[in-house]
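I opened the model to see how it is put together. These are my notes, in the order I looked things up.

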Amino acid sequence: MCLAIPGKVLEEFDRGGMRIAKVQFGGIVREASLDYTPQAKVGDYVLVHVGFAISTVNAEEAERTYQLLEEMDQLTELDAPVVDEVPTRKPQ
Amino acid sequence: MKYLDEYRNPRLAQSIISEIRRIQTRPWVIMEVCGGQTHSIVKHGIDRLLPEGIELVHGPGCPVCVTPLENIDKAHAIAGQPNVIFCSFGDMLRVPGSNGDLFTLKSQGADIRVVYSPLDCLKIARANPDKHIVFFAIGFETTAPANAMLAFRAEQEGAHNVSILVSHSLVPPSMTYILQSPQNRVQGFLGPGHVCTIMGYREYEPISERYKVPIVITGFEPLDLLQGTLMTVRQLEAGRATVENQYSRILDREGNVPARKLVNSVFEVSDRKWRGVGWIPKSGYKLRWEYREHDAERLFHVKEIDTKEPAVCISGQILKGIKKPHDCPAFGIQCTPLTPLGATMVSAEGACAAYYAYGRHLDKQRAEASAQAQVGGAA
């Protein structure tokens with residue numbers, strides 16, 4: 001479970017002061033925090049571990065590593081359910 | 001698909017293996033530390049491609065495996081309480097504790113949720129202000145920045161209904177522990193690539209120097225593992241012992257500085273029990289005092305639970321590189337991934353589970369059947 005999964009940064013936005021990106025992993029798009037990779041920008045490939053980009057990688061490395069993880073059945077963390085943001089409830 | 005071939009090019013692999021054979025003058029025992037590396041080695045049969053006398057033994061670097069039974073029992077005790085939403089990475093749900101696993105508890109009605117990121121707990125907390133959200137923060141250094149960020153954000157946002165049950169392990173103290181054992185066989189290490197992506201490799205240098213053991217920080221692709229082995233054998237044959245970085249395309253000596261900084265501000269080093277191994281000094285994290293409001297152990301008053309592992313299980317010796325899965329009489333018989341008896345079988349990255357997944361328990365059964373046939377033939 002220490003393996004990080006490479007994906008491509010499609011877009012980035014701010015959520016409550018955190019830099020969040022939409023990252024594409026094969027056919028799946030999930031969010032990841034870019035707070036630990038300030039150098040990462042849209043179009044870059046990042047290694048993502050449990051929702052956090054921990055390093056940038058080049059496209060070739062990303063492609064190869066993704067295929068290997070897929071063969072090793074190590075992409076299951078991407079299958080975890082998406083938790084939708086709900087508006088904060090105002091105190092009554 | 002040009003790039004796919006680059007790191008598993010059979011000709012390149014063969015040339016590395018030939019080079020190892022050329023320089024090798026005696027047997028060497030090398031431990032790969034990380035469970036992801038173990039999985040890759042067994043899947044690709046790398047240990048069987050290496051020249052005779054180069055033995056790979058499998059280290060303790062599977063965080064799910066080494067999460068102590070006591071902490072699984074604590075998770076179980078907290079998750080069963082009313083008004084608790086217990087969140088975890090999916091890998092932990094099927095690990096059996098003394099009173100069953102979290103998956104069964106969930107099927108009995110407990111609100112247990114698998115999350116992709118620890119930060120999902122903040123969203124769940126905002127949507128459920130009348131519930132307490134507890135996150136089971138397991139992992140090695142690779143996962144610590146994500147878990148630390150949950151505590152940091154919860155504190156910053158004043159999310160009083162979020163806490164974390166910390167069960168973090170650190171790699172370098174476990175290597176020191178292995179090297180200090182009187183039964184130690186390990187002469188060189190393939191260091192953990194993704195752990196060092198966060199931590200860098202400065203802290204491995206004093207270990208290499210003190211115990212005169214080569215440590216080569218290595219990736220987990222087949223050619224990475226072969227190159228890491230070659231670099232380790234080169235050092236061993238030359239009588240050198242330093243830290244080298246095979247995985248330099250991903251990491252450098254300093255690691256990920258912003259991540260390390262946040263981890264150090266949230267966690268402090270503490271003693272930690274490892275499943276199958278026991279207590280290792282200064283080998284884990286606990287929350288700093290400033291984060292005590294988010295410490296689930298403190299909030300839920302879960303007592304220290306004393307647990308015992310089945311006597312037949314040799315996972316402690318496997319994690320230290322003293323034995324291999326097929327040395328265990330229960331391997332593949334009473335102990336399988338569906339009915340695990342100990343640490344190295346509870347997760348796919350454990351050595352026993354990896355051996356089982358790739359059919360190595362059948363080798364043992366075939367060898368025993370053939371030995372019996374021979375005995376029968378002789379009689």
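I began with contacts in chain B (two residues touch if their C-beta atoms, placed from the backbone, lie within 7 Å). Of its contacts with a separation of 6 or more, 77% are between residues 24 or more positions apart.

A note on the source: this is a predicted model, where local features need pLDDT of at least 70, side-chain atom pairs count only at pLDDT 80 or more, and totals for chains, interfaces and linings use all residues. Residues are numbered from 1 along each chain as its sequence is written, while chains are lettered from A and ligands numbered from 1 in the order in which they are written.

Next I looked up the secondary structure (DSSP runs numbered from the N terminus: helices are H or I, at least four residues; strands are E, at least two). Chain B has 18 helices and eleven strands. Its radius of gyration is 22 Å, close to the 21 Å that the globule rule gives for 379 residues, so chain B is as compact as a globular protein of that length. That radius is taken over C-alpha atoms, and the rule is 2.2 Å times the number of residues to the power 0.38.

I then checked burial (buried means 20 or more other C-beta atoms within 10 Å of a residue's own, exposed 12 or fewer, partly exposed in between, with C-beta atoms placed from the backbone). Buried residues make up 53% of chain B. In helix 3 (residues 35-44) of chain B, nine of the ten residues are buried, so this helix is largely enclosed by the rest of the structure. Among them are His39(B) and His44(B). Gly45(B) follows helix 3, with a positive phi near 65 degrees.

I moved on to a sheet in chain B (strands pair if DSSP finds at least two bridges between them). It is open, has five strands in the order 2-1-7-8-9, and pairs in parallel. Strand 2 (54-61) and strand 9 (243-245) of chain B are at the edges with a single partner strand each, so one side of each lacks a neighbour in the sheet. Strand 1 (residues 28-34) of chain B is joined to strand 2 by six bridges. Met31(B) stands opposite Val57(B) in strand 2.

Last, I looked at where the chains meet. Chain A puts 32 residues into the contact and chain B puts in 48. Helix 1 of chain A gives the most to its side, with six residues.
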